[in-house]
Amino acid sequence: MSDEPRSGIPESTGRHAVVIGGGLAGITAALALADAGVRVTLLEGRPRLGGLAFSFRRDGLTVDNGQHVYLRCCTAYRWFLDRIEGTALAPIQNRLDVPVVDLAKPEGRRLGRLRRDALPVPLHLGRSLATYPHLSLADRARVGRAALALKGLDLADPALDAQNFGDWLTAHGQSARAVEALWDLVGVATLNAVAGDSSLALAAMVFKTGLLSDPGAADIGWAHVPLGDLHDRLARKALDSAGVRTEVRTRVTSVSLEENGGWSVEAPGETLRADTVVLAVPQREAYDLLPAGALDDPERLLEIGTAPILNVHVVYDRKVLDVPFLTALGTPVQWVFDRTEASGLTEGQYLAVSQSAAHEDIDAPVAALRERYLPELERLLPAARGATVRDFFVTRERTATFAPTPGVGRLRPGARTKASGLYLAGAWTATGWPATMESAVRSGVSAADAALGALGRPRPRRLFAVEEAA
């Protein structure tokens, strides 16, 4: 890189940090450290940045590996978008509005909506809940009472982590239909697990923060461009501008503490020496790279389970969906998004079907998935019944997120390790959030904060304000 002074970059402290992993957590940590005047090298094993939120080319289209959304309450990810100058490319709804189609009902009575009004919490959802056609009057009343009970839970209570959200819902009068048509409708997409497989602590965090904190907290945002434009192209531009040396296709083989208190990071063809290291990789890879003694019980990282996400991609010869997205009941299909414009398709329509907690389908052959999902899309979208399918393919992330099972909270480590100068980042660390883009960014901020404190460097003024996890 050029030795010429770079405008807006703090004067270097002479300290060097190595960030291992170029997902959202690693990018965030690298930017925060560089903004504080630390010399940073970012190493990523893949050929691109962005972790598990990336794009690739297929037959002239730019395809996201999966559909990712965020909410207005995701303040850290919104900071990230602003930091890489990508906010305008991933706008948020003016007001929460989710079409919900129930295929178990007769045609003409299938559509319901979850949307908010410009009223204070919890009245902002009152009219939507009162008129939600997919629940009985009795279920709607019981949902309201459960929501108030959920709002009263103390997220700092460690006992919540050991409890099962499904059992809690049953104990609070929620029918199987209410769980399917409301609680799991939201929970599966955000937690990547059904209520019965979810920690009450994480589920309560999602619903309290998203639906019961601020009227606009659950308004949905998503990228109107390929994810690679944000998490790779714009992120690289921001890293370059901050003076970060970024190396892709560089897989770290070992991290070790030297006698002088510094760190040695081994990569093919190069040994890097650093004052501090941020390990921003998945938990199993972190386990393999952690030096002895860095955590009291590193085997706990291996106890953190994983959960899959499957995305079904269908290109039709005509428009079959008239809204940006919808979600469905009475069908295996969960959420359907229109990705036509973002992908660069100029004729027809390209839909992405996002299937969370996809344990049953994740290893199914493409032919079997085609036979399963195309008829369901025809049931869901009448205009698809006469359309020609120009392309059908799937993307699979078998370890897309950590599994939010009861007890997972005690397994998630904080940013600090027992090895001075070594920090952890990743959506799986103890951020208090489930495995989301928000959690990843928060973890990167926490790791950078801890590292800067140890290096005696002030936090950059423009860094997102986040309270570090324990």
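The paragraphs below go through a strand and its partners, a pair of cysteines, an annotated span and one arginine.

This is a predicted model, in which local features need pLDDT of at least 70 and side-chain atom pairs count only at pLDDT 80 or more, while totals for chains, interfaces and linings use all residues. Residues are numbered from 1 along each chain as its sequence is written, and side-chain values use heavy atoms, with hydrogens and water left out.

Begin with strand S2, residues 39-43. Helices (H or I, at least four residues) and strands (E, at least two) are DSSP runs, numbered from the N terminus. Four of the five residues of S2 are buried, where buried means under 20% relative accessible area, exposed means over 50%, and partly exposed is in between (1.4 Å probe, protein chains only). Strand S1, residues 16-20, pairs with S2 in the parallel sense over five bridges; two strands pair if DSSP finds at least two bridges between them. Between S1 and S2 the chain passes through helix H1, residues 24-35, in a right-handed β-α-β crossover. Right-handed here means that, with the strands pointing away from the viewer, the path from the first strand over the helix to the second runs clockwise. S2 also pairs in the parallel sense with strand S9, residues 245-247, over three bridges. Leu42 takes part on both sides: Leu42 is the bridge partner of Val19, and Leu42 stands opposite Thr246 in S9.

Next, the cysteines. A disulfide is a covalent bond between the sulfur atoms of two cysteines. With a disulfide taken as a pair of cysteine sulfur atoms within 2.5 Å, the whole structure has zero. Cys73 is in no disulfide, and its nearest cysteine sulfur, in Cys74, is 4.6 Å away. Seen from Cys74, the closest cysteine sulfur is that of Cys73, and the 4.6 Å between them is too far for a bond. Cys73 is buried, at 13% relative accessible area, and Cys74 is buried at 7%.

An unreviewed UniProt entry lists residues 24-451 as "domain: Amine oxidase"; such annotations may be inferred rather than shown by experiment, and their positions are given in the numbering used here, with feature names shortened. The span is 32% helix and 22% strand, and its end C-alpha atoms lie 17 Å apart.

Last, Arg339 lies in the loop between strand S16 (335-338) and helix H11 (340-343). Arg339 counts as buried because its relative accessibility is 6%. Leaving aside neighbours within four places in sequence, Arg339 is in contact with residues including Asp64, Gln67, Trp222 and Tyr350, contact meaning heavy atoms within 4.5 Å. A polar atom of the Arg339 side chain lies 2.7 Å from the backbone oxygen of Ala223.

Definitions and conventions:
A polar contact is a pair of N or O atoms within 3.5 Å; within protein, one must be able to donate a hydrogen and the other to accept it, and residues adjacent in sequence count only if both atoms are side-chain atoms.
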